[in-house]
Amino acid sequence: MLVNSRLILVFSNGVDEFGDPIHKTKSFNNIKPTATDQQLTAVASSLAPLQQWSLIQVDRTNLHSLM
């Protein structure tokens, strides 16, 4: 049974001195387990323009109860 869900936005924040990309993340905990992936994608798309970095990835992490 799905117990909890987290929305994670990953942003590009340039490159370091070695040329490797720097990523910043923002997490939103306690997302309704009944929220669909499409709904969370819409939320991420709405939040992205409000940030100072470019959105490069949207993830969802689910916590399931086995008992």
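This tour moves through a predicted model from its sheet to its core, its salt bridge and its chain end.

The model is predicted, and local features require pLDDT of at least 70, side-chain atom pairs count only at pLDDT 80 or more, and totals for chains, interfaces and linings use all residues. Residues are numbered from 1 along each chain as its sequence is written, and side-chain values use heavy atoms, with hydrogens and water left out.

**Stop 1: the annotated span**

Select residues 2-66. UniProt, in an unreviewed entry, lists this range as "domain: DUF1659"; positions are given in the numbering used here, feature names are shortened, and such annotations may be inferred rather than shown by experiment. The span is 17% helix and 55% strand, and its end C-alpha atoms lie 9 Å apart. Helices (H or I, at least four residues) and strands (E, at least two) are DSSP runs, numbered from the N terminus.

**Stop 2: the sheet**

Display the strands next. They form an open sheet of 3 strands in the order S2-S1-S3, with antiparallel pairing; two strands pair if DSSP finds at least two bridges between them. Strand S2 (21-31) and strand S3 (54-64) are the edge strands, each pairing on one side only. On average, neighbouring strands of this sheet are turned by 20° against each other, direction ignored; the axes are lines fitted to C-alpha atoms (for helices, over the stretch in contact), and angles run from 0 to 180 degrees between N-to-C directions.

Now select strand S1 (residues 2-15), which pairs with S3 in the antiparallel sense over 10 bridges.

On its other pairing, S1 joins S2 in the antiparallel sense over 8 bridges. Here Ser-5 stands opposite Ile-31 in S2, and Val-10 has Thr-25 in S2 as its bridge partner.

**Stop 3: two positive phi values**

Centre the view on Gly-19. This residue takes a positive phi near 85° in the hairpin of S1 and S2, which has 5 residues between the strands.

Then select Asn-30, which is found in strand S2. Its phi is near 60°, a positive value in a residue other than glycine. Most residues other than glycine have a negative phi. Asn-30 counts as exposed because its relative accessibility is 63%; buried means under 20% relative accessible area, exposed over 50%, and partly exposed in between (1.4 Å probe, protein chains only).

**Stop 4: the nonpolar core**

Select Leu-7, Leu-9, Phe-11, Ile-31, Ala-35, Leu-40 and Ala-44. These 7 residues make up the largest nonpolar core, that is, a set of buried Ala, Val, Leu, Ile, Met, Phe, Trp, Tyr and Cys residues joined through side-chain atoms within 4.5 Å. S1 and H1 are the elements that give two or more residues to this core, and the largest share, 3 residues, comes from S1. In soluble globular proteins, nonpolar side chains tend to be buried together.

Neighbours within four places in sequence aside, Leu-40 is in contact (heavy atoms within 4.5 Å) with Leu-7, Ile-31, Ala-35 and Arg-60.

**Stop 5: the salt bridge**

Arg-60 forms a salt bridge with Asp-37, with the closest N and O atoms 2.8 Å apart. The pair ties together parts that are 23 residues apart in sequence, because Arg-60 lies in strand S3 and Asp-37 in helix H1 (residues 37-47). A search of the whole structure finds 1 salt bridge, defined as a side-chain nitrogen of Lys or Arg within 4 Å of a carboxyl oxygen of Asp or Glu. Arg-60 counts as partly exposed, at 24% relative accessibility.

**Stop 6: Leu-63 and the chain end**

Select Leu-63, found in strand S3. Residues up to four places away in sequence not counted, Leu-63 touches Met-1, Leu-2, Val-3 and Asn-4. The C-alpha atoms of Leu-63 and Val-3 are separated by 5.6 Å, although these residues are 60 residues apart along the chain.

Finish at Met-67, in the segment after S3. With 93% relative accessibility, Met-67 counts as exposed. Met-67 and Phe-28 are 39 residues apart in sequence and 25 Å apart in space, C-alpha to C-alpha.
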